[in-house]
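Take a walk through this model with the structure open beside you. Start at a pair of strands, then move on to the loops, the pocket and the rings.

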Amino acid sequence: MTTTAPTADARALGLAHYAARGVLEHVLARHGITFQQQIALRAAVTSDAPQTPDDLVTQVRGSLKADPSDLRTTLDELVAQQLLVADGTHLRPTDAGRELLAAVGAETAPVTTRIWGGIPTEDLAAAGRVLALVTERANAELAALTA
């Protein structure tokens, strides 16, 4: 018996996102950090140059579409947890912040391999193209709604 693969749609995308995010949030909770905090901390750690709070809010908002005031609260929480530190007008990741991201990455790596492993390269490429197009279109729709 041959089974037909489901057609990709908004529901399928959402279910995949929340399943994967649920795994990540489970790991993050063990480290005392939220999903939004992890995204903001990663933005600071992976930046080529020191970022101001406004820079980080803009970058994270582009990814999460979160309210800027919520993102500022998130940055304040990361400073309070000593994962980011104020350095003049910039926020820099601390050693503890870098170590936390490394620990989360090490813990999620085998899970990521189990989730993504064995998917043919051509399927991943096709999915990547579709997801990039959906992201582009959704960002355009959001921009039109908020203009």
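**From the hairpin to the pocket**

Leu84 has Pro93, in strand E2, as its bridge partner. This is a predicted model, in which local features need pLDDT of at least 70, side-chain atom pairs count only at pLDDT 80 or more, and totals for chains, interfaces and linings use all residues. Residues are numbered from 1 along each chain as its sequence is written, and side-chain values use heavy atoms, with hydrogens and water left out.

Stay with the strands. E1 covers residues 84-87 and E2 covers residues 90-93; they run antiparallel, joined by four bridges. Two strands pair if DSSP finds at least two bridges between them. Helices (H or I, at least four residues) and strands (E, at least two) are DSSP runs, numbered from the N terminus. E1 and E2 form a hairpin with two residues between them. In the turn, Gly88 has a positive phi of about 65 degrees.

Most residues other than glycine have a negative phi. Two loop residues have a positive one. Gln82, with phi near 60 degrees, lies in the loop between H4 and E1. Gln82 is exposed, at 57% relative accessibility. Lys65 also has a phi near 60 degrees. Its loop runs between H3 and helix H4 (68-80). Lys65 is partly exposed, with a relative accessible area of 38%. Here buried means under 20% relative accessible area, exposed over 50%, and partly exposed in between (1.4 Å probe, protein chains only).

Now turn to the largest pocket. Its volume is about 1,600 Å³. On a 1 Å grid over the protein atoms alone, a pocket is an open set of points where a 1.4 Å probe fits, with protein on both sides within 12 Å along at least five of seven lines; lining residues have an atom within 4 Å of a point. The lining has 38 residues, and the closest to the centre are Leu13, Gly14, Ala16, His17 and Leu131. H1 (10-30), H2 (35-46), H3 (53-64), H5 (95-116) and H6 (121-146) each supply at least two lining residues. H1 gives the largest share, twelve residues.

Finish with the rings. The charged end of Arg21 sits over the ring of Phe35, 3.8 Å from its centre. That label requires NZ of Lys or CZ of Arg within 6 Å of the ring centre and within 35 degrees of the ring normal.

Note on methods: Points joined across faces, edges and corners; volume = space filled by probe spheres on them.
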